Amino acid sequence: MNRAFTAAIASATALGLSACALLSSPDPVQLYRFGANLDLQSEGLARAGTRPVALRRVQFPRATSGERILAVTGDQAAYLAGARWVSPADVLFTDALENSFSVRSRQVRLIGRNELTPADLMLELDVRQFEARYDGGQGAAPTVHMVVHARMLQYPERVIAEERTFATTVPAADNRVSAIVAAYSAGTDQITDQIVQWSDTVAARPQVPAR
């Protein structure tokens, strides 16, 4: 058999095994969570918001909405082996967002999907990036990137009252899963705080003008 062909087959087999090892999750899988930095008891609840704002279901990219942790190197992407979120990422992010409003908001009472309280504003969030990027070369710690596009909708007109894109980057302290998870937690805390402050500004207006 031709040596080059044999080498190519061996290389392809090794690459396939390497990819399987990266994407598969050994048993047991270590579970992690993010967005648990806010302590509702120690920080105290914010004053009750004066304006109800309904929250639509937070939209996530398909690749990052579930329980696997996405890592990106250049134009290649893979999931961290042996590590999963304890719940789908979109659920953890929504929980963190609701906690941030409970602790920090001074103007908004966030209305969840299961509540029947009427609201003339609706918050719509589209998470466009939620990933760890390896931009520093082999062995370097990754940086967590988050981008969220927010729209505040005016009801009953259903027009966009205001919209804004939020972004944050948090370098992991080390190239270990625990350090990467800590960066996810810090990034979630930063970006949800930005969303709360912006929402408070919009909700504080006597009447949000339609556009």
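The pLDDT is the predictor's confidence in each residue, on a scale from 0 to 100, and it applies here since this is a predicted model.

**Exercise 1.** Determine what the mean pLDDT of the chain is, and where the pLDDT is below 50.

Solution. Averaged over the chain, the pLDDT comes to 83, with 78% of the residues at 70 or more. Over residues 1-22, however, the pLDDT is below 50, and this stretch has 6 contacts in the model beyond near neighbours in sequence. Where pLDDT is low, the predicted coordinates should not be read in detail.

**Exercise 2.** Decide whether Thr-192 is buried or exposed, and describe its surroundings.

Solution. Begin with the position of Thr-192, which belongs to helix α4, spanning residues 177-203. Its relative accessibility is 1%, and because buried means under 20%, Thr-192 counts as buried. Within the chain, a polar atom of the Thr-192 side chain lies 2.8 Å from the backbone oxygen of Thr-188. Leaving aside residues up to four places away in sequence, Thr-192 touches Phe-93, Ala-96, Leu-97, Ser-100 and Arg-104.

**Exercise 3.** Find which helix gives the largest share of the lining of the second largest pocket.

Solution. This pocket, with a volume of about 250 Å³, is lined by 13 residues. Helix α3 (residues 89-104) contributes the largest share, 5 residues.

Notes. Residues are numbered from 1 along each chain as its sequence is written. This is a predicted model: local features need pLDDT of at least 70, side-chain atom pairs count only at pLDDT 80 or more; totals for chains, interfaces and linings use all residues. Side-chain values use heavy atoms; hydrogens and water are left out. Helices (H or I, at least four residues) and strands (E, at least two) are DSSP runs, numbered from the N terminus. Buried means under 20% relative accessible area, exposed over 50%, partly exposed in between (1.4 Å probe, protein chains only). A polar contact is a pair of N or O atoms within 3.5 Å; within protein, one must be able to donate a hydrogen and the other to accept it, and residues adjacent in sequence count only if both atoms are side-chain atoms. Contact means heavy atoms within 4.5 Å. On a 1 Å grid over the protein atoms alone, a cavity is a set of points where a 1.4 Å probe fits but cannot get out, and a pocket is an open set with protein on both sides within 12 Å along at least five of seven lines; lining residues have an atom within 4 Å of a point. Grid points are joined across faces, edges and corners, and a volume is the space filled by probe spheres set on the points.
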